[in-house]
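Look at the model below before reading on.

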Amino acid sequence: MKNILEVKNLCKSYGKFDAVKRINFSVAQGEIFALIGPNGAGKSTTLKMVASILQPTDGSIIIDGVDVVREPEAARHKISYLPEEAGAYKNLTGRGYLQFMAGLYAETKADEKKYLERAIEICGLGRRLKDKLGAYSKGMTRKVMLARALMKEPKLAILDEATSGLDVINALEIRDIIKSCAKSGMTVLVSSHNMLEIEYLSDRVAIIDQGKIIETGSIAELKKRHQAENLEVVFLKLRKT
Amino acid sequence: MKKFLLLLKKELRELLTPQMIVPFVLIMVVFVVIGKTAGKQVASQASAQDEVLVLDHDTGQLSKIALGSAGQIAKITMAKTTNDAQFVSEMNKRQIALGVIIPADFSMSALNKSNATVKTYSTFKDFSLSASKKSSTLSSVVMMINDAVSNGLIQLNSPETNPIKLKNPVLAANFVSANGKTVEGSSAAVLGYISQQTNFVPVILFIVIVFAAQMIATAVATEKENKTLETLLSLPVSRKTIVSAKMIAAGLVSLLMAGIYMHGMKNFIGGIGSAATGSTTTGGNVSGIVYSLGLSLSATGYLELGVILFLGILLALAMAMILGAFSEDAKSAQSVITPLMVMVMIPYFATLLLDINQLSPLLRGILYAIPFSHIFLAAPNIIPGNTTFVLWGMLYLFVMFLIFVYVAAKIFSSDLILTMKLNFSKKKS
């Protein structure tokens, strides 16, 4: 299957500190690819570079044939990005926020309407969408943010810690939404430090630690390769070596 | 364009919150009410003469002449008491703030060519601006008494002499010249009038520029603080559109606030000004002279002032946007714009307190190098028709705006917008 995302020799340094050190990976169309690793491993920095909001120190990122570094504006038409701590404009209602975002994503009125309807369906908040975002719980806000990120069915959805801080029910709902989007052909790049969640969600993973990818493969491959019962054990074994 | 308008609407909605509008409008309403009340009070006081209680121990011809003359400018009420010690009590009882006691030897002293002493009394009930105007009535009464008595003495000694001509052998016909036109009038009155009409302009300019800078810096910092900036930057919208929507929204709100401020302050300063000077009765004559000399702001003048203010706001916005990018939250945004505030405060106070033309060339050069100086210097140069200076100022502001907006766009187009920060908190040990 065609690769939607290709990352080659990607580096990011802040002064003398190397946050990301020459990482390589690719994600095929319709795949859910996860970057997993502990806090500060370089997951979010990598995702931000793929989302074109941080500039790599070196390396290349190609999304559906578009070079993110050279043509960031063109790349932004192919992606949507959900930051780890995405905030909302609290004076807007849930619906108002989604409508505003649909307007920014869509080029035509018809698309805008389609995106809004899809977002309303994804977040499943019903009449609560008439309330202001400031009155939402963390779970509700995250659902609206996720709906915003998935409304336009991007070529590549970049989701940073999509279920961070959510209770079990909300986290499960969000995972199901992401899975159903991937089934319909959307490519998803996710990051998480919750390895068990990723085991449930993703097709392939890259384990990242101290800015380097230390292992890549499908969940089954990794478990078999390292004779581990879950990804957490795989990670711990890899760290010891 | 559609995306720009969407962002502009969003920015305006973020800026024009009830929490921001309500206190602002309330303050302005209070200013207008105070100004109008003070103005009305002065107008009513100007039409009504101040009352002066008089205790005349002399009752001679000269004291009658004196009181007749004083009656032209004040309402004279004769005291019931004949005792000096009870005079002030009577003033208080009859609620008359001003009093004059004419001594028994008043006429005699004057006729003997020695000084007669009248005692004047003022009772303070309040310390308002209109009270200070009232206190000047007593000085005028004494002046009128002096004038009348000296005229009486001159006529007594030399009946054929005209005392007015004798006391004023030289008369001055005052002319004021400006813009190639000469009109009869007093330069002090003209200067006072222009100052009263324009002294609120720098105050407005200062407030608006600082307000605009605070708004944009806070808007950028709030996006960071509320974690909305990363989402905004990842959208399929050009960074130039994001920057310009933010700047234009803040510019529009600043101009709106400027209009409200201008209206409120004009009423406030106009009312308070007339209360301080009691100039409501003479303002009409002086304004005619000012208009004849072309020293009032014409429609073109207001346009020039508007353009230079707009350029100043744009420059302040561009600079504040850069400074706002250094802040991590709305609170620190107030601190990071301090350098900009200083750049506005220096020309504000310099133009308010100093004669720029008397400064050394070095200091004048430094002042002119500060872009915001040209905004504060605009009105004093537009009024006498020094358009070239104003146009150069506009050009300078425009060039500086282009430079700073370029830098702002560069910052927003790079990851500096997310990584630049100034940390004001103490480092943890």
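## The sheet in chain A

Two strands pair if DSSP finds at least two bridges between them. Helices (H or I, at least four residues) and strands (E, at least two) are DSSP runs, numbered from the N terminus. This is a predicted model, in which local features need pLDDT of at least 70, side-chain atom pairs count only at pLDDT 80 or more, and totals for chains, interfaces and linings use all residues. Residues are numbered from 1 along each chain as its sequence is written, and chains are lettered from A and ligands numbered from 1 in the order in which they are written.

Chain A has an open sheet of 4 strands in the order 2-1-4-5, with antiparallel pairing. Its edge strands, each pairing on one side only, are strand 2 (17-28) and strand 5 (66-67) of chain A. Strand 4 (residues 58-63) of chain A is joined to strand 5 of chain A by 2 bridges. A:Ile63 has A:Val66 in strand 5 of chain A as its bridge partner.

## Where the chains touch

In total, 21 residues of chain A are in contact with 20 residues of chain B (C-beta atoms, placed from the backbone, within 7 Å). Helix 3 of chain A gives the largest share of the side of chain A that touches chain B, 4 residues.

## Two packed helices

Helix 3 of chain A and helix 1 (residues 2-15) of chain B pack at an angle of about 155°, with their axes 9 Å apart. Axes are lines fitted to C-alpha atoms, for helices over the stretch in contact, and angles run from 0 to 180 degrees between N-to-C directions. Helix 3 of chain A and helix 1 of chain B are therefore roughly antiparallel (angles under 35 degrees count as roughly parallel, over 145 as roughly antiparallel, 65 to 115 as roughly perpendicular and the rest as oblique).

Conventions
Two residues are in contact if their C-beta atoms, placed from the backbone, lie within 7 Å.
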